Amino acid sequence: MIVPQLKILHIITSLDQGGAEAVLCRLVADRKEGVEYSVISLKGEGFYGNTLRANGLVPYSFAFKRFFQLASFFEFVRLVRLIASLSPDVVQTWLYHADLIGGLAARLAGCRRIVWGIRTSNLSPALNSRFTLMIAWCCARLSGILPVAIATCSVEAAKEHKRMGYDSTKFQVIPNGFDLGVYVPDMEKRQRIRAEWGVAQGEVLFGCVARWDPYKDHPNLLQALSAVAAKGVPVRCVLVGGGLTTKNRVLSDLLSKYNLNDSVVLAGSRSDIPAVMNALDFHILPSASEAFPNVVAEAMACGTPCIVTDVGDAAMIVADTGWVVPPKAPALLASAIEEARDGFGGENDAKRRIDARQRIEGNFSLEKMTRAYRELWESVALK
């Protein structure tokens with residue numbers, strides 16, 4: 001049985017630049033007949049608010065502060081009323097805070113068809129605040145009664161949360177999907193962005209697209225680049241993402257410490273990620289933790305091979321098209337960078353680029369992801 005008209009309400013912690021936010025935008029941009037979307041952000045419109053508006057969907061924006069503040073209580077009451085007025089068939093929440101706050105608000109609004117969204121595979125205290133871990137712990141205790149289903153993008157994330165105490169019967173793994181008409185090899189974009197960054201003809205360009213965050217472990221990458229440069233091997237790398245500018249004093253100090261000021265380009269946040277991925281010869285993911293790293297699949301879809309740390313589902317995405325090294329192992333990361341650079345332009349390099357694109361085409365298309373979510377929501381709506 002298929003639900004003829006499905007009203008899906010998405011509730012997300014924020015619309016700042018990040019993987020979950022990007023996936024949400026891709027989902028709601030794919031307007032299939034019979035599906036009506038609404039989006040609520042608990043912490044403003046952020047980076048992706050304009051993206052949603054450009055696609056004809058105006059997000060509802062809230063201003064939640066810290067828990068137990070009076071302002072947040074009034075926002076919670078407003079959230080409950082809004083959900084009741086929208087009367088969705090299914091509420092899909094994204095990230096821990098939205099899972100808890102959105103899930104409770106939906107129940108109070110009379111909606112029991114709630115699907116949580118989990119996007120993290122590492123709950124280490126070293127990488128998460130005590131408050132975030134407390135929220136995750138609360139969600140684990142409520143997972144048996146609050147959501148009908150739990151959607152996660154990563155096999156490793158599902159395993160980690162089951163170990164934490166989440167209801168193991170409710171998980172469904174839906175890998176992220178990508179618009180392969182947007183993320184596609186493009187020589188014009190490649191040349192334009194490389195010229196903007198002053199990359200010389202024939203120069204091998206590495207890059208990392210990831211916001212400044214402990215999860216992303218930029219120090220691991222900088223140590224590896226320093227080790228390569230110390231051998232006299234020319235290395236050029238661009239860092240793209242929030243916080244990756246000269247205003248970041250910690251980052252600037254690290255660049256000076258590792259003598260990388262002339263080798264690393266700080267590009268900051270950019271919205272033209274397909275062009276960025278085309279400009280790179282290799283993309284590096286140096287993370288200490290991931291669930292399903294979107295940037296790896298985005299790079300591969302553009303025909304750019306990846307060097308990744310073995311976190312979350314990164315190794316599964318790359319398979320045999322790139323390099324996989326342990327997290328927090330800069331010496332091994334440096335070896336992979338050297339090997340990639342040495343093989344650039346050879347026969348195996350050309351095949352690797354074709355294989356990378358084909359792997360994403362065969363396994364991680366936007367159509368495959370949206371179909372899986374639609375089937376999940378339909379099954380939940382009928383419960």
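Begin with the aromatic side chains, since the structure holds 13 aromatic pairs, a pair being two rings of Phe, Tyr or Trp (its six-membered ring) with centres within 6.5 Å, called stacked when the planes are under 30 degrees apart, edge-to-face when over 60 and tilted for the rest. The model is predicted, and local features need pLDDT of at least 70, side-chain atom pairs count only at pLDDT 80 or more, while totals for chains, interfaces and linings use all residues. Residues are numbered from 1 along each chain as its sequence is written, and side-chain values use heavy atoms, with hydrogens and water left out.

**Select F178 and F292**

The ring centres of F178 and F292 lie 6.3 Å apart with the planes at 25 degrees, so this pair is stacked. It links distant parts of the chain, 114 residues apart, with F178 in the loop between β7 (171-173) and α7, and F292 in the loop between β11 (282-285) and α11 (294-301); these element names refer to DSSP runs numbered from the N terminus, helices being H or I of at least four residues and strands E of at least two. F178 counts as buried at 0% relative accessibility, and F292 is buried too, with a relative accessible area of 5%, where buried means under 20% relative accessible area, exposed over 50% and partly exposed in between (1.4 Å probe, protein chains only).

**Select Y37, W94, Y373 and W377**

These residues, Y37, W94, Y373 and W377, form a cluster linked by ring pairs. For rings that face a charge instead, select R78, which lies over the face of F62 at 4.0 Å from the ring centre, and then R353, whose charged end sits over the ring of F282, 5.1 Å from its centre. The criterion here is that NZ of Lys or CZ of Arg is within 6 Å of the ring centre and within 35 degrees of the ring normal.

Which residues of α11 are buried? They are N294, V295, V296, A297, E298, A299, M300 and A301; because eight of the eight residues of α11 are buried, the helix is largely enclosed by the rest of the structure.

Next, colour the largest nonpolar core, which has 38 residues, with W197, M277, V296, M300, I317 and I360 making the most contacts inside it; such a core is a set of buried Ala, Val, Leu, Ile, Met, Phe, Trp, Tyr and Cys residues joined through side-chain atoms within 4.5 Å. α11 gives the most to this core, with six residues.
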